[in-house]
Amino acid sequence: MSETAEWGNVCSRVDTCALTGAAAFFTGIKGAEVLVNGPLWCYFYALRHLEKSNSRLGERFHGSQPDNNAVVYGTEECLTDALDYIRENRAPSILLIENSCSVSLIGDDIEGIAAKAKLPFSVIGMDSGGLSGGFAEGYSKASIRLWQYLDLPDIKIKCRLGVNLLGATTAYFNGRNDLEEIKRILETANYRVIAVPGAGSELETLQKNSCCSVEHRYQ
């Protein structure tokens, strides 16, 4: 009974699934887009939650719409069609392809399928893992996949009074206002916000500045 209640919370206003959390992180990067490789129910469920903070999010949030046969025999055909549409109509800085819970069981090589499509932009693929966690777990998994993909050098660049804000998202309730208040407090204390992964920073900013650490010198 407890397991049923916990899953019910994930599919309600109390929490949302990991697929939604992963999409929130990537759509929080300016210029990035997301392709949900899963049924329309999963796509619209996530979109319903995410577009509350951005009414135009649907322009950067796509779905492959696999049918019942694809869920059994593979999603390559419908995924390729969706990628063709994005290539012809969009120009994302980076594209996240995330499998829904059911499609994750098939084991499709989604990054291999994307490679065959010869896309002119970067692609990251992952299983959303919605059955194993909620929004926060998906957000965290997507952020880790991005850092693994970027493969930033293991160096520290000291930025005087500069900080990166980690874990922020406008998809949480009052998230945008909370983020602005955090920035205001830091700026009042003479800190400079360098990057906010998943909540407004561009991919180029994350590539160049995310390895900065804080240098605070007390007078």
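**Entry 1: setting up**

Before comparing two helices I noted that an axis here is a line fitted to C-alpha atoms, taken for helices over the stretch in contact. I also kept in mind that this is a predicted model.

With that settled, I looked at helix α2, residues 18-27, against helix α8, residues 135-150. Their axes lie 6 Å apart and the helices pack at an angle of about 45°. That angle makes α2 oblique to α8. I then checked the hand, and α2 passes α8 in a right-handed crossing.

**Entry 2: who touches whom between α2 and α8**

Next I listed the residues that meet. From α2 I found A18, T20, G21, A22, A24, F25 and F26. Facing them in α8 are F135, G138, Y139, A142, S143 and L146. Sorting the residues of this contact gave me nine nonpolar, four polar and no charged.

**Entry 3: α2 against α3**

I repeated the exercise for α3. The axes of α2 and α3 cross at roughly 55° and come within 9 Å. So α2 is oblique to α3 as well, and this crossing too is right-handed. On the α2 side I wrote down L19, T20, A23 and A24. On the α3 side I have C42, Y45, A46, H49 and L50. For this contact of α2 with α3, my tally is seven nonpolar, two polar and no charged.

**Entry 4: how covered is α2?**

How many of the ten residues of α2 are buried? I counted ten of ten, so the helix goes down as mostly covered, with under 20% relative accessible area as the cut-off for each residue. The buried set includes L19, A23 and T27. I also asked what the buried residues of α2 pack against. My list reads β1, α3, β2, β3, β4 and α8.

**Entry 5: the core**

I moved on to the nonpolar cores. The largest has 33 residues, and F26, I29, F61 and L146 are those with the most contacts inside it. At least two residues of this core come from each of α2, β1 (33-37), α3 (40-50), β3 (94-99), β4 (122-127), α8, β7 (192-195) and α10 (203-209). A reminder to myself: in soluble globular proteins, nonpolar side chains tend to be buried together.

Setting aside neighbours within four places in sequence, I found F26 in contact with A32, V34, I94, L96, I124, A142 and L146. Apart from this core lies another, of 14 residues, among them I86, I110, I113 and F121.

Q65 has a positive phi of about 55°, although it is not a glycine.

I flagged N174 as well, in the loop between β6 (162-164) and α9 (175-188). N174 is not a glycine either, yet its phi is positive, at about 60°.

**Entry 6: the whole chain**

Last, I stepped back to the overall numbers. I counted ten helices and eight strands in the chain. Of its 219 residues, 46% count as buried. Among contacts in the chain with a separation of 6 or more, 79% are between residues 24 or more positions apart.

Methods. Residues are numbered from 1 along each chain as its sequence is written. This is a predicted model: local features need pLDDT of at least 70, side-chain atom pairs count only at pLDDT 80 or more; totals for chains, interfaces and linings use all residues. Side-chain values use heavy atoms; hydrogens and water are left out. Axes are lines fitted to C-alpha atoms, for helices over the stretch in contact, and angles run from 0 to 180 degrees between N-to-C directions. Helices (H or I, at least four residues) and strands (E, at least two) are DSSP runs, numbered from the N terminus. Angles under 35 degrees count as roughly parallel, over 145 as roughly antiparallel, 65 to 115 as roughly perpendicular and the rest as oblique. A crossing is left-handed if the near helix is turned anticlockwise from the far one by less than a right angle, and right-handed if clockwise. Contact means heavy atoms within 4.5 Å. Ala, Val, Leu, Ile, Met, Phe, Trp, Tyr, Cys and Pro count as nonpolar, Asp, Glu, Lys and Arg as charged, and the others, Gly among them, as polar. A nonpolar core is a set of buried Ala, Val, Leu, Ile, Met, Phe, Trp, Tyr and Cys residues joined through side-chain atoms within 4.5 Å. Buried means under 20% relative accessible area, exposed over 50%, partly exposed in between (1.4 Å probe, protein chains only).
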